[in-house]
Amino acid sequence: MAVTLDSFNIYDTTVEGTSCPIYSSFFGVMGATAAMVFSALGAAYGTAKSGTGIAAMSVQKPDLIMKSIIPVVMAGIIAIYGLVVSVLIAQGLGNASTYSLFKGFIDLGAGLSVGISGLAAGFAIGIVGDSGVRGTAQQAKLFVGMILILIFAEVLGLYGLIVALILNTQGGSATNCHATCYNPVCKGPCVPIGATNCSIAL
């Protein structure tokens, strides 16, 4: 009995599909978690570090407290970046049976992008804010320079947010969970039953 080409057809027989394994949503959840946790860590450090500087400075110059609160506000904005991306990822999780592995990796990358960028920005804001408010209490002309440095530290987190939003948008397209039938002999789509040449495809 002659062997026909259809015997080499490879079908996707998994229930959920090779592109949507049951563990793919794990990466999306970890992306949402990383976005919130790392950005909150950066915001907390920035707030605490600059807050101690404000507290130490206010003993000598209590009238400068409200003017020196800017580093704390800028540190808090970092956490909002992570919250926005985390909510977007969580809304995109949807049904686990249609959540592809590709989408999971995209969401993980988006979460790590904004999270770690926010962590770095929070560290920079905290250190600059602590030294800046102490210096401003002794030299008022230092205030404008401190604000400029804080702005450049803040945009580090903004860069991560922009990349995360782009990744989240690119990964939003629908994905077919089941792979198309493939014939390795014909190096293309499957052939019908009884086919003897590769010119006939399903």
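Aspartate 107 and lysine 103 form a salt bridge, with their closest N and O atoms 3.0 Å apart. A salt bridge here is a side-chain nitrogen of Lys or Arg within 4 Å of a carboxyl oxygen of Asp or Glu. The model is predicted: local features need pLDDT of at least 70, side-chain atom pairs count only at pLDDT 80 or more, and totals for chains, interfaces and linings use all residues. Residues are numbered from 1 along each chain as its sequence is written, and side-chain values use heavy atoms, with hydrogens and water left out.

Aspartate 107 and lysine 103 are four residues apart in helix 3, so about one helical turn separates them. Helices are DSSP runs (H or I, at least four residues), numbered from the N terminus. Aspartate 107 is buried, at 0% relative accessible area. Lysine 103 is also buried, at 10%. Buried means under 20% relative accessible area, exposed means over 50%, and partly exposed lies in between (1.4 Å probe, protein chains only).

The structure holds three salt bridges. Another one joins the side chains of aspartate 130 and lysine 49, at 3.8 Å from N to O. This pair links distant parts of the chain. Aspartate 130 sits in helix 3 (residues 101–138), lysine 49 in helix 1 (residues 24–58), and the two are 81 residues apart. Aspartate 130 counts as buried, at 9% relative accessibility. Lysine 49 is partly exposed, with a relative accessible area of 28%.

Aspartate 130 also forms a salt bridge with arginine 134. Here the closest N and O atoms are 2.8 Å apart. Both residues lie in helix 3, four residues apart, about one turn of the helix. Arginine 134 is partly exposed, at 37% relative accessibility.

Helix 4 (residues 142–170) has 29 residues. From its first C-alpha to its last, helix 4 reaches 43 Å. That is close to the 42 Å expected at 1.5 Å a residue. The expected span is 1.5 Å times one less than the number of residues in the helix. Buried residues of helix 4 include Phe143, Met146, Ile147, Leu150, Leu161 and Ala164. The buried residues of helix 4 pack against helix 2 (70–93) and helix 3. Contact is taken as heavy atoms within 4.5 Å.
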